[in-house]
Amino acid sequence: MTATPQPPESVARHTTPRDSPGGHGSAAVVFLDMSGYTALTEVHGDERAADIAERLATFSAAALADGDRIVKTLGDAVLLTSRTARTALALIARILDTWTTRGDGVPVLRGGVHYGPVVERNNDVFGATVNLAARVAAAAATDQILLTAPVATAARAEGLRVIDLGPRAFRNVSDPVPVYALGIDCLCGTIDPVCRMRVDPLGAPSLTHGERRFWFCSTSCTEQFTAEPDRYLASVDCVDTRPTHASTL
């Protein structure tokens, strides 16, 4: 995640929490960011990357419901909170739906969610819950939303597909944490391997490498891939969330 820019005006009005200067309570903490943002910046330039980052913030603001808020933008990411794990999942679904249906020419999203106690102070949130949510989000693969146990429980209760990925160790977290993936269909075949943008294969530049065919958003990405294919092949596949051990309720 990159340096924090100033949020656009349309987002800023959603970032003020309560009237009190600080408080304690529980909340679901959500980090969403764009896969391949560094490569996107390199290929398409700072202005285009900044426009897309602002678009994520704007789409996220439009998806807020009562009890949701954008705490801040973090370059290619947004930090959001919601009152419960269930409402956080609904918020993520609204953002992903808008990003997928209206987000032409944008990279895929990934993220992480944790629910627990937080401290609210000076329009920000602090505490172990926030730190763990950030660690979990950073471990997400392309097009993957990772959940901790409280959020996975809420997802199952809502009838959502949840995949048990087992315990994982995170930096500055004393014990391994059980991690789960939200059941989102893998869309690897429609993702530019360089800048991670969704691509409509119809009419898009393409090439075959090995036994696979790849589509690109532009000739710039095609040239970048041709020059250094090994750089992008290692991370070209997202994690398919359709294994046989998935929990479906």
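Here is a short chat about a predicted model of a protein chain.

Me: To start with, what makes up the secondary structure of the protein chain?
Reply: It comes to eight helices and ten strands. As for burial, buried residues make up 48% of the 249 residues in the chain.

Me: Why is Gly166 called buried?
Reply: The cut-off for buried is under 20% relative accessible area. Gly166 comes out at 16% relative accessibility, so Gly166 counts as buried.

Me: Where does Gly166 sit, and what does Gly166 touch?
Reply: You'll find Gly166 in strand S7, which runs over residues 162-168. Leaving out residues up to four places away in sequence, Gly166 touches Val177, Pro178 and Val179. There's also Tyr180: Gly166 and Tyr180 are 14 residues apart in sequence, and their C-alpha atoms are 7.2 Å apart in space.

Me: How do you know that helix H3 has a span close to the expected one?
Reply: H3 covers residues 46-62, which is 17 residues. The expected span is 1.5 Å times one less than the number of residues, and for H3 that gives 24 Å. From its first C-alpha to its last, H3 reaches 24 Å, close to that expectation.

Me: Which residues of H3 are buried?
Reply: Ala49, Ile52, Ala53, Leu56, Ala57, Phe59, Ser60 and Ala61 are. In general, an α-helix has 3.6 residues a turn, so residues three or four places apart point the same way.

Me: What makes a group of residues a nonpolar core, and which ones touch the most other members in the largest?
Reply: The members have to be buried and joined through side-chain atoms within 4.5 Å. The largest nonpolar core has 44 residues, and Leu80, Trp99, Val113, Ile145 and Leu147 touch the most other members. Helix H4 gives the most to this core, with eight residues. A second, separate core has twelve residues, including Val29, Leu79, Val130 and Ala137.

Me: What is Leu80 in contact with, leaving aside its neighbours within four places in sequence?
Reply: Its partners include Ala28, Val30, Ser60, Leu64, Arg69, Leu91 and Ile95.

Me: How much space lies in the second largest pocket, and what lines it?
Reply: About 260 Å³ lies in there. Of the 16 lining residues, Ala93, Leu96, Asp97, Leu182 and Ile184 are the closest to the pocket's centre. H4, residues 85-102, gives the most to that lining, with eight residues.

Me: How do the residues of that lining divide into nonpolar, polar and charged?
Reply: Nine are nonpolar, three are polar and four are charged.

Conventions: Residues numbered from 1 in each chain as written. Predicted model: local features only at pLDDT ≥ 70, side-chain atom pairs only at ≥ 80, totals over all residues. Heavy atoms only, no water. Helix = DSSP H or I, 4+ residues; strand = E, 2+ residues; numbered from the N terminus. Buried < 20%, exposed > 50% of the residue type's maximum accessible area, 1.4 Å probe, protein only. 1 Å grid on protein atoms, 1.4 Å probe; cavity = no way out; pocket = protein on both sides within 12 Å on 5 of 7 lines; lining within 4 Å. Points joined across faces, edges and corners; volume = space filled by probe spheres on them. Nonpolar A, V, L, I, M, F, W, Y, C, P; charged D, E, K, R; others polar. Contact = heavy atoms within 4.5 Å.
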